[in-house]
Amino acid sequence: MNVVFNFAGWLRRGMCLAVVFTSLCGFVLSAHGADSAVQVQLDTKKANPRAVESLTERGILRDYRFAWTSIAQAFELNSLDSLEGAFAGDAKQILRGTVLSQQRSGFTRQYLNQNHRLEAVFYAPEGDVMELHDTAEYELRITDGGKIIHDEHVVMHFVVLMTPGADRWVIRRLQAVPQS
Amino acid sequence: MSTVRSYSNPIPILAIVLVALAVHGPLLLMQLPSGSFDANFHMFFASHYAHHWFNPWNEKWFGGFSQTTYPPLTHQWIALLSNVAGLKMAYMLVQLIAVLLLPVGVFRFARIWVDDRAASYAALGSIFLGSLAFLVYQAGQLATVSSVALYLNALPYFYEWMTEARGKSLIKGIAISLAAAAAHHVTLIFGVVLFAGPVLWVALLDARDERVSGSVSGVLSRAVVFAVAVGAGVGLVLLPYWLAIIQHPIHQIPIPHDSRANFLLNSTTAVNYFVIPYGALILALPFILFRGAASSRLRPLLIGFWLTLIFGLGGTTPLPRWLLGRAFEILTFERFTFWATLLAMPILGTLAIELLDRFQSKAAVALSLAAVSTVGAALWWLNANPFRPTATTNVQPVIAFLNRDGHDAYRYITLGFGSELSKVSIYTSAGSVDGDYNSARLLPEMTHYGSAQLTNAKFYGSAGMASLRAMLEHANRYGLKYIFVHDTYYEPLLTFVGYRKIETFGSGEITAWSKDDVPPAHKIESDAIPPPWQGLLWGILPIGVSFLAIFLELLLPERRRVPAAAGVPVRAENPERHFVA
Amino acid sequence: MKFILPISLVVATAALMVLGLFIGGQARGTVGIAAGSAVYTPKADNAEQALKNLLADVQRRNWDRALAAVSKSSATDKESFIQEWTGSNGSLRSFSALEGFESRPLHITPDEAQIRVRLHWATPVGPLEDVRDFRLIREGDVWKTVLPKIQVPNVPAQVIPVTYLRWDLVSGGAADEWGSRNVDAPHVRIISMNAVDSAEGAVVMGEIVNEDTVPAFVNVNATLVDSAGSAIDDETSFDKINHVLLPKQVSPYRIDFPNISLKNVKSVRMDEKATLVPASADPVIGVMNQKIESDVQGKSVLHGDLFNQSGQTVNISHVIVSFYDNNAKVIWVADGYEDHALLPQSSEPFAVEIPKSVAPKVQNFHVVVDQYSLGRS
Amino acid sequence: MHRVLLICAVLCSAACPLAAVAQDLRVPASVTAGDDVTIPTTGSGKATFYLVGPGVSRKSEVSLGEEIRLQGQELWNAGDYLVLVCSDICNSGTFYVTAAKPASFAFLVHPSRVPVGQSDAVSGVAFPFDQFRNLVLTPVTVSFQLTAGNKPLFSKQVRTENGAAWFRTASGKSAGLLQVVASLDDLSAKRAVQQVASDPCNLRITGQRIPIGVLVQTEPVHDCAGNVVPDGTIVTFSATEANGKSTVDAPIKQGIARAQIEATGATVVSVASGVVMGNELRIGAKP
């Protein structure tokens, strides 16, 4: 039997395969989102009526930083997964709502170069809630369809209510307020 | 066509494949293997590839493990097909492809040793092997079956390359061998000795006796070229696997497996691992011995068969332990029995044609009965054997529980679930510290004891329970809050270590237990996480070589062999008989 | 070659199989699966082999063959023999499997032998050991085991009035308003703590009390901290504590740190966790006749009887003991599981071993009993 | 890299032919949660409008020169809102939504159970929220009232500071339910604290010989203020005789704890509950 070696067909199929693989590689490489460090400083001197223990202070610092890293990731990747763990109650619900509507609208926002100056102003007698005021500085960038439509250095003030969860402090309320 | 004439011709390969389809197609469509030991394990791996093709780090088992510790080809094919057919049916399809490729491989492999007619009967016989039914429907060893099917298809190219120096055979042989390695590395490693060894030996005999055009030195040098190329290829295609195994060699305490037992001391084990896989083939053993020894060309095959048979007997003889050393305690030996039956098929093919030539229809009926009873016994044994996997449990409530109310923020284990553990893992977003793949375990609570899955802890006696205790002792460290129990045996321990029954599913069949002070699970840091480039390699090369093998088979077809000139003498000592068929 | 090779292969196979019986046959199988029967069992022509055969048949639950190895002079019947080895009433023994045994002859004459056997049981709560002495006699050319009469507990029919007392927990839904369903965790307190080095590593132990008016699930965690302030290891009390404490109940706790010496430890951070759990005040198990004695092996052992004062069967009881020195300081915490069920209004003996190094210092002890009852977890 | 892209984007936009004429954007400085807002625009042509705030990320087409209407339900959540209108270029404006008047409380009271007669043992914190669950930061006066039975125990008016008002006080003298109410105008939130007996006081036992040993029981168990110690509280009976010691951890049921002890010889029975010890009882040997 005569065998006709269809080189052109073979080459074409091979190239198709290569294109598929290259696209997949590109997709994977592009999935690695940027993760910039979040700076947080905490001042607990004004906390009352209960003083903030050093272990709690460390916990607040760690968990607040994690919370903002989560917010940044969730809003940049339009992913709800990042919001698990760091938030509870209304704060979680509002953030989820924001991400969901952002998914529908198709744009993303990035919080870059975050710097938070956190001040504990109220710590409940039984230690079950802490109110903090955050003066946050960051670069807010909004991107729609790959195009940056807004990029601004922002100084924002937040009132934050944090409560102890199973193994960490979680944000129960995160509310931006005008500078007083 | 008269009956006599119909028996005197080779059975067309298409007909053999159709018979395989007719026998195994319905069983696979009925999803019979879904209750096998490893089916859920394969689907679990495939499910991960379906969601994270280029990220082999899977956090659903062992608090995180790398899937580069198991060759990915079959799983990736299931993952690809699952987009169309769903996960379970995709598994069945891939298994069906392997089952259909097997008689083709046996046919092509047998033609190295015997003529087309005997080879065709060998291929037909392979469809009814008890060992095949055992591996497919009871053990669920998809990768082993797929790999050996590919490997048997690669070996004739190896032989052709050695004896005829055909470049096309070299390329195709290498590509299919790499695909076989990408399906199951163990098959390839042992195949080098047990399958390729006899092929090399017969090629040398053929060269020496001038039955082929190549010289002895030519055969040897080409064998080296093939081996080097395949070795390098396997090194590259499975590079992340080798890196993982070098970084974390398997140092865990050996886990007992009944295929390593002495069958003489345990009748049930003997039935399970010898009688059922061999079936009616046991009756042909004397013929295999004498006919294999009678022909110099068949002797390499006989030696290969005997060695594989001895390995398949596990701990019945000390030979595997002596030859394998520590690897004896890691391997399971039912696959050797499967390979042994495959190696016996060419000689069995000659028995079939001799019987048919002599007894015609009577022989046909007897052989058919033997074949059907062998596969039938293996299927009957699925439900009759005491090793059978636990009866299918409805794990849906467990999955639903884990996926609601933030329960997936914690880890879980199942107890008494058997292979259903993998099913839970596939469909829940929660992670477990347990898992159904021993070689990927790195947590000391599991590797320091001679037991396998925590879900089967009691079957490993004190070692299993010690491993479970060690894990529960560190429940808080791993965020192990939920335990699902399908065997009241475990309830006392859970009670005494502080777990509390919180829910009951399926009329009390399964209970959910929780420990109140366990914090949410945190990511477990590990040096076993493959870097992204390994993920890319793993996602591209193994599936890539399988595509390559398919393309090469399609684009470089074989020349049709002329039947009269194709046969290699069944018995070289009596060349006149070669033309009788 | 036509005959030599097949004959050689058959001979080699047979030889290897025979060798396998003597060399390679130790590969362990999985426990709990019906194991079938052995093709070959050595003849009981000496006392030790006879006992080994009997125990091997017990392991395989091959009762007829096992009973055939028991002397007719034994005061036992098949039912009580099986019950002795497989347990009853959902006891720990009924969940256990005889995993292995080691025998040591104590006394052998041509017609009689006394053999001490260390039995290794695989149980749901971990491996347990049991030491038993067996008497064997020669009957013809084989040895047989003489078993003593097995006492099966017999509880008379009776009516036991019980005032049940339990706490149920109604937990709020996830959608509850913040702070509206506030139930505090129970208040528990560690009342003593002591850290010592043992042969296995560092041990932190003491006692904890539930000071609240509701039941508490308690767990004690300890973190060993080095001189640099970093944690060396953290472990929990695991099963060396009674996890559910009723109001004002005291439990010992022990936390083991295997392979760690206190020499490297600067401080120990204790962390007791308490959560509210549903609980029942029954059954009440009294601990009677507690005394420290030496056993047959010369070890110091705390003996006593567990007396089930309720009307329900306690399937598995777990005894936890804190031992005090003359300053009332906890110097050791030991525990043990009872392998017989506690029937209503009946007693079962228990024994807890005291380490050699601790025994001379023990002045007092406190025993608490945790329990598991089938279907009431 | 991002900056380069931004500059490129800006340059590209500038170079493009103008599709719509330039617009101007004036947003209100502050809005009360739930109120509708209109944003006037200037210019002509079509533009893309973005609203970026807490709980909302909206993108829509608008016609320049017309007012952009933001419905109250888009502005439920207090916080900062960014408005962007993009045609050839993007114009932005920011405004704050502030909480409306209080409509509910988050009222946290601790502990849920408290022993009687303890100072600074009960505390509460109230956070007023508006109807959209925004924290009200404008100071308001919250009234806290504690009553045991019908008897008022404590009352205090506290002005919120940073949105929080709190109190702390001692527990009452007798066991029972303590009702804690926080109120603000016509709003109120109720919580309950269970006041429980303190540690047992004057723990006394009596005993008698029975056929199987000794039956011992406590007198009704009270704390030092006369409150009944709750049922379920564990009382430990220890009986010491010549051949050993017996102990029973028995729960109080209907005010009394009782236990049977297997003791045949002369026995000394002692009793304890938690860390409180009671009297000792000597019972003679079985006759």
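**View 1. Chain C as a whole.** Among contacts in chain C between residues at least 6 apart in sequence, 66% join residues at least 24 apart (two residues are in contact if their C-beta atoms, placed from the backbone, lie within 7 Å). What you're looking at is a predicted model, where local features need pLDDT of at least 70, side-chain atom pairs count only at pLDDT 80 or more, and totals for chains, interfaces and linings use all residues. Residues are numbered from 1 along each chain as its sequence is written, while chains are lettered from A and ligands numbered from 1 in the order in which they are written. Chain C carries 4 helices and 19 strands (DSSP runs numbered from the N terminus: helices are H or I with at least four residues, strands are E with at least two). Its C-alpha trace spans about 90 × 60 × 55 Å along the principal axes. The radius of gyration of chain C is 26 Å, whereas a compact globule of 377 residues would come out near 21 Å (the radius is taken over C-alpha atoms, and the globule rule is 2.2 Å times the number of residues to the power 0.38). As for burial, 36% of the 377 residues of chain C count as buried, meaning that 20 or more other C-beta atoms, placed from the backbone, lie within 10 Å of the residue's own.

**View 2. A three-stranded sheet in chain C.** Here 3 strands of chain C make an open, antiparallel sheet in the order β6-β7-β11; strands pair if DSSP finds at least two bridges between them. β6 (188-198) and β11 (250-258) of chain C sit at the edges with a single partner strand each, so one side of each has no neighbour in the sheet. On average, neighbouring strands of this sheet are turned by 20° against each other, direction ignored (the axes are lines fitted to C-alpha atoms). Zoom in on β6(C) and you'll find 10 bridges to β7 (residues 201-210) of chain C, running antiparallel. One spot to look for is N194(C), whose bridge partner in β7(C) is M205(C).

View 3. β14 (residues 285-294) and β15 (residues 300-308) of chain C pair in the antiparallel sense over 8 bridges. I292(C) has L302(C) in β15(C) as its bridge partner. The two strands, β14(C) and β15(C), form a hairpin with 5 residues between them, and G298(C) in the turn has a positive phi of about 85°. β14(C) is also joined by 3 bridges to β21 (residues 244-251) of chain D, again antiparallel.

View 4. Chain B has 26 helices and 6 strands, and 59% of its 581 residues count as buried. Its radius of gyration of 25 Å agrees with a compact globule of 581 residues, which would be near 25 Å. Chain B splits into domain 1 (6-35 + 70-250 + 262-387 + 533-558 + 566-571) and domain 2 (396-514), with bounds from an automatic or database domain assignment. The C-alpha centres of domain 1 and domain 2 of chain B lie 37 Å apart. Where they meet, 4 residues of domain 1 of chain B are in contact with 4 residues of domain 2 of chain B.

**View 5. Who touches whom.** Among the 5 pairs of chains that touch, chains B and C have the most contacts. Chain B and chain D, though, do not touch, and their nearest C-alpha atoms are 18 Å apart.

How values were computed:
Axes are lines fitted to C-alpha atoms, for helices over the stretch in contact, and angles run from 0 to 180 degrees between N-to-C directions. A residue is buried if 20 or more other C-beta atoms lie within 10 Å of its own, exposed if 12 or fewer, and partly exposed in between; C-beta atoms are placed from the backbone.
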